[in-house]
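I opened this entry to record what I looked up in the model.

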Amino acid sequence: MFYYVLKYVILGPLLRLLFRPRIEGLEHIPADGAAIVAGNHLSFSDHFLMPAILKRRITFLAKAEYFTGPGIKGRLTAAFFRSAGQIPVDRSGKEAGQAAIREGLGVLGKGELLGIYPEGTRSHDGRLYKGKVGVAVMALTARVPVVPCAMVGTFEIQPPGQVLPKIKRVTIRFGEPLDFSRYAGMENEKAVLRAVTDEIMYEILALSGQQYVDEYAVKAKAAEADRSKSGRIPRLGR
């Protein structure tokens, strides 16, 4: 219930008024039935802007840290994400990936929309990074379409580390649903999972116009942190 109050009464109208998002390809979101919306992840604002413009409810797999933050801010953030129906996922440990997949399949099993960021984390420099294969596992196991999505301009309004976003217009693009039924029953084939994931990332890239980096974002972030500690200036290639 609170999800719809946020979407239609409180947060949704406010976000539309402030950011005046340009929405392209909204017709590609299925009117009913299970589907995955896979997008790039440039800003904390992404969590709010995309759900605000969708006609259907969408559930995201949110990192567990959003639900365990300290102090008043942490409690408010946790309360918001729980009220919005988002699912906490522990990204640490060997079982983290499997837990996320189980949660995602549960959402899809109810015929709902699942939102996922295949990069696994926010881009720290505005580029698009290599996708993790969990999105492919869920798409093939649940046999659902994947709608690619691109957030354009959200990195500029709220890059990592910036608490409050700038008030500036953004664009949200949806591509045509991707059908992977030709790979039915092959969700345990590593080569197939990589191919499906790369196809999804290519479509996101085509929509976003970002520079692509064939490396996992987490690894790239760690490398940049190491360079910063050693006093070397990171080369972002932008």
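**Strand pairing**

I started in the sheet, where β2 and β5 run parallel and are joined by four bridges. I took helices (H or I, at least four residues) and strands (E, at least two) as DSSP runs, numbered from the N terminus, and two strands pair if DSSP finds at least two bridges between them. The model is a predicted one, in which local features need pLDDT of at least 70, side-chain atom pairs count only at pLDDT 80 or more, and totals for chains, interfaces and linings use all residues. Residues are numbered from 1 along each chain as its sequence is written, and side-chain values use heavy atoms, with hydrogens and water left out.

I looked up the partner of Val37 and found Gly115 in β5. Gly115 is also the bridge partner of Phe60. Strand β3 (residues 58-63) is joined to β5 (residues 113-116) by three bridges, and the two run parallel. Ile58 stands opposite Leu113 in β5.

I then turned to the pairing of β3 with β4, which is parallel and has three bridges. Leu61 has Ile87 as its bridge partner in β4, and Lys63 stands opposite Val89.

**The whole sheet**

What is the order of the seven strands? I read it as β1-β8-β7-β2-β5-β3-β4, in an open sheet with mixed pairing. β1 (22-24) and β4 (87-89) are at the edges with a single partner strand each, so one side of each has no neighbour in the sheet. On average, neighbouring strands are turned by 25° against each other, direction ignored. For angles I used axes that are lines fitted to C-alpha atoms, for helices over the stretch in contact; angles run from 0 to 180 degrees between N-to-C directions.

**Helices on the sheet**

I noted that helix α2 (residues 46-53) packs on the sheet and touches β1, β2 (35-39), β3, β7 (146-152) and β8 (171-174). Contact here means heavy atoms within 4.5 Å. The direction of α2 makes about 60° with that of β8. Helix α7 (residues 190-208) packs on the sheet as well, touching β2, β7 and β8, and its direction makes about 35° with that of β7.

**Burial**

I used buried for under 20% relative accessible area, exposed for over 50% and partly exposed in between (1.4 Å probe, protein chains only). In α2, eight of its eight residues are buried, including Phe48, Leu49 and Met50. In β3, five of its six residues are buried. Leu113 and Gly115 point one way from β5, Leu114 and Ile116 point the other way, and all are buried. In a regular strand the side chains alternate between the two faces of the sheet.

I also checked helix α5 (residues 134-142), where the buried residues include Val135, Met138 and Leu140. Arg143 follows α5 and has a positive phi, near 55°.

**A loop residue**

Is Lys110 buried or exposed? Lys110 counts as exposed because its relative accessibility is 58%. I located Lys110 in the loop between α4 (96-109) and β5. Lys110 and Ala34 are 76 residues apart in sequence and 7.3 Å apart in space, C-alpha to C-alpha.
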